[in-house]
Amino acid sequence: MVEYRLEDLARISGVSARNIRAYRERGLLDSPRRVGRSAYYGERHLDQLTAISQLLARGFNSAHIAEFFAALRGGKDLSGALGIQASGWCRPTALPLNVDPAGDDIRTLVEFGLVHIVDGSIEVTDPALVALVGGAEDHRRLVRGMAHLCRATSAEVDHLAESAAAAVAECEGGLSDAGLPELVRVVVSARVERALRAGLSAAE
């Protein structure tokens, strides 16, 4: 885990040490890890400073940003953080793929629920995939990559799901049924994300 002293964080982020202290006092920036009188900041703080700078550049003031961050830390989504009522107008719409719907790769993606065929056209409806597809120039290359990932990880993903279910069964009432599905999703997703980052870094 990479950590920074205040001066290093200021140099890397482009935000002055004085402003970093001010952001911390106003609740915009998470508290650093302390060892004695020394304070250590991590990648999370760097990401927060980047977000703060971007929001300031868009005309939001520090009070607005503190309110947004407090809402996000409390588990609200973007609409909740902004204090607006989410409805159909803000949901990503289906995005068409310009590839042959009869190809093997498309059949794989349909099988895994990543795309749908509607009236002979291929549509992506998952919000995260809509964002990726929308910025891709070569849909065929993207589809090949997605299908390959699905095939290559299918058995491992199924095994992971089975292991998670077995682990939950072993908790002997330590977990509440009401929030159990979401708890499993968050814990397993965080672990997978961390392992994936490590694997991709090692492959570079």
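Helices (H or I, at least four residues) and strands (E, at least two) are DSSP runs, numbered from the N terminus.

Before going on, please note that this is a predicted model, in which local features need pLDDT of at least 70 and side-chain atom pairs count only at pLDDT 80 or more, while totals for chains, interfaces and linings use all residues. Residues are numbered from 1 along each chain as its sequence is written, and side-chain values use heavy atoms, with hydrogens and water left out.

Just after α3 comes G59, with a positive phi of about 100 degrees.

E43 belongs to α3 (residues 43-57). E43 counts as partly exposed because its relative accessibility is 38%. Leaving aside residues up to four places away in sequence, E43 touches V2 and Y4.

In α2, the residues I20, A22 and Y23 are buried. They lie on the same side of α2 because they cover an arc of only 160 degrees around the axis, the arc being that of the directions from the helix axis to the C-beta atoms. The face turned away from this buried side carries the exposed residues R18 and E25. The buried residues of α2 pack against α1 and α3. After α2 comes G27, whose phi is positive, near 85 degrees.

T108 sits in helix α6 (residues 104-111) and touches A147, C150 and R151, not counting residues up to four places away in sequence.

| Residue | Relative accessible area | Class |
|---|---|---|
| F60 | 29% | partly exposed |
| F68 | 12% | buried |
| T108 | 9% | buried |

Rings of Phe, Tyr and Trp (its six-membered ring) pair if their centres lie within 6.5 Å; planes under 30 degrees apart count as stacked, over 60 as edge-to-face and the rest as tilted. The count by this rule is one aromatic pair. F60 and F68 form this edge-to-face pair, with 5.2 Å centre to centre and 80 degrees between the planes.

**The whole chain.** How many helices and strands does the protein chain have? There are nine helices and five strands, and along the sequence they follow the pattern α-α-β-β-α-α-α-β-α-β-β-α-α-α. Of the 204 residues, 23% count as buried.

How confident is the predictor? The chain averages a pLDDT (the predictor's confidence in each residue, from 0 to 100) of 82, and 84% of the residues score at least 70. Where pLDDT is low, the predicted coordinates should not be read in detail.

Note on methods:
Buried means under 20% relative accessible area, exposed over 50%, partly exposed in between (1.4 Å probe, protein chains only). Contact means heavy atoms within 4.5 Å.
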